[in-house]
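Hi everyone, thanks for coming.

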Amino acid sequence: MGFLEKRIKEQLIDTGTYRELPVLHGKNDGTVILEGKEMVNVCSNIYLGLANHPRLKEAAHKAIDTYGVGSGAVRTISGNMDLHEELDRAIAKFKHEPAAVAFQSGYACNVGALQAFVEKDDVVFTDELNHASIIDGLRMTKAKKFIYKSCDMKHLEELIKEHRGQYKNAFIISDGVFSMDGNLAPLPELVKIAKAHDCLTYVDDAHGSGTMGSHGRGTVDHFGLHGQIDFIVGTLSKAVGVVGGYVTCSLEARQWLLHRGRPLLFSTSQPPMVIAACIEALKVMTESDELSKKLWENANYFKAGIAKLGFNLIESESPITPVVIGAEDKSLQFSNNLRKNGVFSAPIIFPTVPKGTGRIRCMLSASHTKANLDTALAAFEKVGKEMGII
Ligand SMILES: *Cc1c(COP(=O)(O)O)cnc(C)c1O
């Protein structure tokens with residue numbers, strides 16, 4: 001048996017975690033075409049429905065006509081078009097921060113920014129539930145790392161008091177919105193602790209961008225903490241509807257990244273139509289908060305419906321709606337049964353979440369109609385009763 005065949009059998013098939021990827025035929029929107037059927041889609045990060053917005057599509061088409069389809073090089077050589085500079089400025093302006101640098105993805109941004117900012121003599125205090133891209137970015141630094149219990153500010157402060165003194169720069173790193181439970185990081189307290197102990201703050205707000213705060217400016221805006229978080233990471237791939245990631249920071253931090261952000265130095269920059277669509281998305285979001293209002297209306301309607309049906313709904317502070325099913329196999333079965341009833345959902349199981357807390361994580365969006373949500377609720381009710389969960 002080849003080594004991968006053996007691994008696939010032992011680690012995937014035998015543990016019941018092997019799966020085929022779903023294939024969408026057509027756009028990723030409130031409904032999708034899957035297995036030849038139209039289904040209500042509750043597992044995409046398309047919070048504002050911008051991936052199919054006519055203004056974004058038009059901006060992308062125009063950019064293709066003017067700039068072609070590829071940027072031709074890394075940003076630091078010749079792949080830095082006026083569009084890339086414009087996007088950086090537009091992000092900084094939208095987020096009310098001094099400067100921003102866009103990367104090819106949120107993942108590339110965390111990996112690049114953490115490598116660039118965190119050095120050998122530094123220390124990092126990182127939330128145990130931080131996103132994989134933060135974990136990977138930190139693996140590429142030689143700094144000392146301490147992991148604190150998720151959102152536990154007492155534990156964070158204890159670790160800082162004990163260890164901060166022995167290192168040069170200290171970073172506190174947290175997601176803004178935790179993607180599994182949809183809860184928010186206690187940023188006001190985190191900022192207080194950072195100030196008291198001379199720590200820098202780094203918040204990855206991928207799920208908060210576009211969903212939290214005024215016009216979707218994010219969790220930092222939600223808490224009124226503008227100017228108090230040193231580095232805010234966001235993604236252009238979720239609510240913004242396209243692809244890319246960014247970090248907002250000081251002007252000097254931007255200068256440093258343009259020299260030491262390795263994904264900018266060694267990987268080709270985003271294609272022009274992507275950048276143009278992102279710029280247009282920020283315009284749409286700035287001009288009106290209609291889409292984020294619609295998103296919240298839909299999320300609240302769906303959450304209320306699920307709670308009323310008697311499911312174990314994790315208390316979430318964001319539009320993320322985790323419905324706990326329990327055992328791993330039951331969660332997978334639940335999701336399959338939803339699919340048979342016209343609802344496309346994603347089961348999230350161990351090791352992504354603790355054993356026995358398998359769930360269907362529902363992602364609501366502004367592109368769902370009320371009829372879509374009612375279809376989804378009816379399917380949850382039917383499958384929940386059939387499987388004896390409600
Ligand atoms: C999705 C996500 C990312 C990655 O963003 P991409 O643009 O998809 O690469 C990074 N951090 C967090 C917290 C995320 O949820």
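Let me start with a convention: angles under 35 degrees between axes count as roughly parallel. Keep that one in mind, and also that what you see here is a predicted model.

Let's take the helices. Two packed helices are described by the angle between their axes and the distance between the axes. Here the pair is H4, residues 106–117, and H5, residues 132–139, and their axes come within 8 Å and cross at roughly 30°. With the cut-off at 35 degrees, H4 and H5 are therefore roughly parallel to each other. As for handedness, the crossing of H4 and H5 is right-handed.

Now, H4 also takes us to the ligand. Which helix gives the most to the shell around the ligand? That is H4, with three residues. There are 14 residues around the ligand, and those that come nearest are Gly106, Asp204, Thr235, Ser237 and Lys238.

A polar backbone atom of Gly106 sits 2.8 Å from an oxygen atom of the ligand. For Tyr107, a backbone N or O atom is 2.9 Å from a ligand oxygen. With His207 it is the side chain: one of its N or O atoms lies 3.3 Å from an oxygen atom of the ligand. And how much of the ligand does the protein bury? Taken alone, the ligand exposes 380 Å², and the protein buries 86% of that.

That's my tour, and I'm happy to take questions.

Terms used. Residues numbered from 1 in each chain as written. Predicted model: local features only at pLDDT ≥ 70, side-chain atom pairs only at ≥ 80, totals over all residues. Heavy atoms only, no water. Near = heavy atom within 4 Å. Polar contact = N/O pair within 3.5 Å; in protein donor to acceptor, adjacent residues only side chain to side chain. Areas by Shrake-Rupley, 256 points an atom, 1.4 Å probe, with all protein chains shown as cover. Helix = DSSP H or I, 4+ residues; strand = E, 2+ residues; numbered from the N terminus. Axes fitted to C-alpha atoms, helices over the stretch in contact; angles between N-to-C directions. Parallel < 35°, antiparallel > 145°, perpendicular 65-115°, else oblique. Left-handed = near helix turned anticlockwise from the far one by under 90°.
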